[in-house]
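Here is a friendly walk through some helix packing, a chain-to-chain contact and a few charged pairs. Have the structure open as you read.

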Number of protein chains: 2
Amino acid sequence: MIAVLGAGSWGTALAWLLGEQGLPVRLWMRDPARAAEMAASRENSVYLPGLLLPPSVAPTADLSAALADASVTVIAVPTQAVRETLRAASGLLPPCTMLAIAAKGLERGTGRRLSEVASEELGEGLARRVAVLSGPNLSGEIVRRVPTATVAAAREEEVALALQQVFSTPAFRVYTNPDLIGVELGGALKNPIALAAGVCDGLGFGDNTKASLLTRGLAEMTRLGVAAGGRAETFSGLSGLGDLVATAHSPLSRNYRLGLALGRGESLESAQASLGQVAEGVPTTDAACRLSERLGVDAPIIRELRHILYVGKPVAEAVSILMSRPYRDEGPFD
Amino acid sequence: MIAVLGAGSWGTALAWLLGEQGLPVRLWMRDPARAAEMAASRENSVYLPGLLLPPSVAPTADLSAALADASVTVIAVPTQAVRETLRAASGLLPPCTMLAIAAKGLERGTGRRLSEVASEELGEGLARRVAVLSGPNLSGEIVRRVPTATVAAAREEEVALALQQVFSTPAFRVYTNPDLIGVELGGALKNPIALAAGVCDGLGFGDNTKASLLTRGLAEMTRLGVAAGGRAETFSGLSGLGDLVATAHSPLSRNYRLGLALGRGESLESAQASLGQVAEGVPTTDAACRLSERLGVDAPIIRELRHILYVGKPVAEAVSILMSRPYRDEGPFD
């Protein structure tokens, strides 16, 4: 039995993916009326309309029933709701369940990674069975069965291998990785850089500029991630580079769209108002900037982006500062 | 005095960039009539129409005059013409000139990198003053002055620093790198992967697929490049990742367009015929495949692409083979 907590587009897509393989899934959501409606219509009419859930997926609003006998518990609630969801689940989780965190980002305020939140809420005992699922994984494409790759990261190899086995399908290719910290930070730090890529497109710059920005942005993500305990190679992988490239080219991404509007000269207030909700990259830019200061890591793109988002610096001025910094090397001469 | 050999779009854009800084440039091309016309009209009407060359750029078809007193000689002729151009130049080069290779790719037949070709033609004495200029650098964008970054790679730090000084402008940011091999291979191996990205778009797959392909493709480029003597980090830089991302999203790239046509079901013959000329990625795919076999490096994407291009394997079959390979890790568990 697999429990998927959260029935947004990502949770629903994962429940569908598992259910399609014939695995029994309970898909938990907070609202009983929505669960009843989904159980009757077999469809998530809000987030993935038109997709029929396989018979082995059972929608429910009963957390205790959802978690009973779960060998794998997938966390797909919104990033900022992960702590309260884990707190509610903590007494109900079967002792040997593996936890697969499918949400991405850092906790607002604390700047914690979500696996750190899990350790705090569930204790170190369960923490050894925590994994993270991350990569260039747009839900709408997964349910169209387009070929997609992702990463299952866990400290313990057996946990990563078990999740690779559970999630792999002919169209969804899962790679394992022991670098939990790097995979989590890749999925979080890519948002500020994708936002900056939107700014760059909004300013009417070209493919040279965007490719240069993504490359130097990935270099910043890597420096920061390594200083925080991740592996450099992880950031060149699916959860770093892969997710960054997908997000920075996707008009579906809120972060990219916010940047695009800023680059076109809209104010932050007006750009955020037309998005309807806060883009995750905005608080992450602040958190990443603080992290870079704390770790003593140079992160000029993230720093200039923070000035644009929080101090109202004109974007043209930020670009000019980035382009006129002292000459640098890309790799050190010995 | 700077000599730029080759007046295609890239050579002309570099001559313009240097001339705009007030540096005296001789722009050499083979055809005296074209040189005379360009000297009179101050325009490269074939490759960059509408761009006015600064007064300090002197077009010429006299190789000896072009090279006289050149402190820097830029090689911007087509890849397969580099050997004959260097051979013609070899007796004429001033003894202390630095050589900046701006052409990209491997020599057909031999599979040699262009800096190797330079060593063979000019001797090891000059080889210590050889550098490579590579990155996401579309000429049409450079002359629009959109912010762009690139790499100057050389074994000797003073050579890389000198070229960084010469080429840097407020809109063109040059990073140095000691990894000549990695920078050259990045610029060459990105072409097969960009071609594969075109196939992926032609098949109607999504952003997930393309991002996954680019990431795993970069992993192959890196494995191959490291086995050939390059540094892994270089491939995550401007000449690897940067150039790959720009090329794989650019409808201006012949490699991407060829892949797009193949993905849409056109035959190789018809796709190549409508391109008008051979895409550099086709012979490089063959060379890279041989390299991977010689070095014992696994390169499944390049291998399947070679089957499509040279054996006529249906693209759908190649995709299915890539997706059904044994499970892998992205990073090793210790």
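Let's begin with a charged pair inside one chain: A:D243 and A:K104 form a salt bridge, with 2.7 Å between the closest N and O atoms. A:D243 belongs to helix α11 of chain A, while A:K104 sits in the loop between β5 (98-101) and α5 (114-127) of chain A, so this pair ties together parts that lie 139 residues apart in sequence. Please keep in mind that this is a predicted model. Across all chains of the whole structure, the search finds 38 salt bridges.

**Between the chains**

How many salt bridges are counted between chain B and chain A? The count is 2. A:R231 makes a salt bridge with B:D334, and here the closest N and O atoms are 3.6 Å apart.

The contact itself draws 64 residues from chain B and 64 residues from chain A. About 5200 Å² is buried between chain B and chain A, and carbon and sulfur atoms give 55% of that area. On the chain B side, the residues that lose the most area to chain A are B:R173, B:N208 and B:F333, which together make up 16% of what that side buries.

The crossing of α11(A) past α9(B) is right-handed. On the α11(A) side the contact uses A:L238, A:L241, A:G242, A:V245 and A:A246, and among the α9(B) residues they meet are B:D207, B:A211, B:L214 and B:R216. By type, the residues of the contact between α11(A) and α9(B) are 7 nonpolar, 3 polar and 2 charged.

**Within chain A**

| Helix pair | Angle between axes | Axis distance |
|---|---|---|
| α9(A) (residues 207-227) and α15(A) (residues 300-311) | about 100 degrees | 8 Å |
| α8(A) (residues 180-202) and α12(A) (residues 254-263) | about 35 degrees | 6 Å |

The residues of the contact divide into 5 nonpolar, 1 polar and 3 charged.

In the other pair, α8(A) passes α12(A) in a right-handed crossing. The α8(A) residues in contact include A:N191, A:A194, A:L195 and A:D201, and those of α12(A) include A:Y256, A:L258, A:L260 and A:L262. Here the contact of α8(A) with α12(A) is made of 8 nonpolar, 6 polar and 1 charged residues.

Definitions and conventions
Residues numbered from 1 in each chain as written. Chains lettered and ligands numbered in written order. Predicted model: local features only at pLDDT ≥ 70, side-chain atom pairs only at ≥ 80, totals over all residues. Heavy atoms only, no water. Left-handed = near helix turned anticlockwise from the far one by under 90°. Helix = DSSP H or I, 4+ residues; strand = E, 2+ residues; numbered from the N terminus. Contact = heavy atoms within 4.5 Å. Nonpolar A, V, L, I, M, F, W, Y, C, P; charged D, E, K, R; others polar. Buried area = accessible area lost by both parts, 1.4 Å probe. Salt bridge = Lys/Arg side-chain N within 4 Å of Asp/Glu carboxyl O. Axes fitted to C-alpha atoms, helices over the stretch in contact; angles between N-to-C directions.
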